Amino acid sequence: MKILLALLAALCLCFPACAEFDDMEDMDYWYDQLYILSEEIGCRPVGSDNELAAMAHIRSKFEALGFRAENGTLNGYDVSNSSAKDLEAILPAQNEASDILIVCAHYDSAPPATVNGVTSDVPGTRDNASGIAGMLAMAREFVQLPADPDTEMRFVAFTSEETGHQGSQAYVEHLTPNERERIAAVFNLDLITVDIWLEEHVFSVDTMGMRTPEGYVNGSDEHPAHNKVVRAIQAAMQELDYFDPAESGATHCVPRHLGMSDHDSFHFAGMDSANIAFRGNEEEGGSWHPYMHLPEDNLGDLDYERTHQALNIVYTALNGLAADPAYGD
Ligand SMILES: [Zn+2]
């Protein structure tokens, strides 16, 4: 009995640090959000009614998780080129002067695409219902944990990524110098799923720069920035033993010097940020998914195992950074 109690105590101590992103319940939630955004709402370009419907859905999911406008934990921010807003859900730390970790994704899709003279809607399942569903799934995990003493978490949904990142720019512009200082790492999820048949695509991160003791420095093609997001993700991959090159035959999470998503907006303001996505491997040239911005970006043959591993890596990295700001350093 004593041994059993000791074991139980050890398990409790282990939680939340050892908690994992569950492959059944958590993935069901992820899939539900993916389905609603890409199948029930569908094509949601900036300026469309569906863009507003996607925003309303995300707001309702944030509210269901307990975030409230009345107490400042659910906020909306105007975006220059859209009547829809960015949405931000805040999970405060116990200590007000805390570090801030951000998980973000864009909910607008590309507009309808014309292929061989036929114009069709773009459901935007991978780009980027997958990222919004992942961001919401992270929020759902972290609201279940006790408030962290010194790490605030923010879950942010941007519009207007496809039109030039106006959503994330508006979000960054509203941040005070104090908030920018406290934002330790920004995890942007854009195309965080992949197809079963697309075996050569790897779990990948794109960065543009990083903080150093000498200040913020730009990365380059030759020397992509191994910023805080990359380091935490690499530590999480090791901890979970996922995407081992010896097993999968491809090297994962090699940071690539690339913008082209909302992490850019944080980079230009001197914050460690990265886009986390499935992308072509290095030998193949690092291409985007062949269905991106096309009508074929629908539910298709998504690989739930690799998607679960990707989300569990993000979850473990966030947990690691919340427990220890030097996680991965
Ligand atoms: Zn995207």
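## Strands 9 and 10

Met210 stands opposite Val217 in strand 10. Strand 9 (residues 209-212) and strand 10 (residues 215-218) run antiparallel and are joined by four bridges; two strands count as paired if DSSP finds at least two bridges between them. A hairpin of two residues leads from strand 9 to strand 10.

The model is predicted: local features need pLDDT of at least 70, side-chain atom pairs count only at pLDDT 80 or more, and totals for chains, interfaces and linings use all residues. Residues are numbered from 1 along each chain as its sequence is written.

## Overall form

The chain has 10 helices and 12 strands (DSSP runs numbered from the N terminus, with helices being H or I of at least four residues and strands E of at least two). Its radius of gyration is 19 Å, close to the 20 Å that the globule rule gives for 329 residues, so the chain is as compact as a globular protein of that length. The radius is taken over C-alpha atoms, and the rule is 2.2 Å times the number of residues to the power 0.38. Along the principal axes, the C-alpha atoms fill a box of roughly 70 × 50 × 45 Å.

Of the 329 residues, 49% are buried (20 or more other C-beta atoms within 10 Å of the residue's own, with C-beta atoms placed from the backbone; 12 or fewer is exposed, and in between is partly exposed). Among contacts with a separation of 6 or more, 80% are between residues 24 or more positions apart; a contact requires C-beta atoms, placed from the backbone, within 7 Å.

## Nonpolar core

The largest nonpolar core has 76 residues (buried Ala, Val, Leu, Ile, Met, Phe, Trp, Tyr and Cys joined through C-beta atoms within 7 Å). Those with the most contacts inside this core are Ile132, Met135, Met138, Phe187, Ile233, Val314 and Leu318. Leaving aside residues up to four places away in sequence, Met138 touches Val103, Phe155, Val314, Tyr315 and Leu318.

Eight strands form an open sheet of mixed pairing, in the order 1-2-6-3-7-12-8-11. Strand 1 (74-79) and strand 11 (256-257) are at the edges with a single partner strand each, so one side of each is left without a neighbour in the sheet. Strand 1 pairs with strand 2 (residues 82-91) in the antiparallel sense over six bridges, and Val79 stands opposite Ser82 in strand 2.

Strand 6 runs antiparallel to strand 2, with five bridges between them, and parallel to strand 3, with eight bridges. Ala89 has Phe155 of strand 6 as its bridge partner, while His106 has Phe158. Eight of the eight residues of strand 6 are buried. Thr151, Met153, Phe155 and Ala157 point one way, and Glu152, Arg154, Val156 and Phe158 point the other. In a regular strand the side chains alternate between the two faces of the sheet.

Helix 5 (residues 166-174) lies across strand 1, strand 2, strand 3 and strand 6, at about 115° to strand 1. Seven of the nine residues of helix 5 are buried, namely Gln166, Gly167, Ser168, Gln169, Ala170, Tyr171 and Val172. Their cover includes strand 1, strand 2, strand 3, strand 6 and helix 9 (263-267).

Definitions and conventions
Two residues are in contact if their C-beta atoms, placed from the backbone, lie within 7 Å. Axes are lines fitted to C-alpha atoms, for helices over the stretch in contact, and angles run from 0 to 180 degrees between N-to-C directions.
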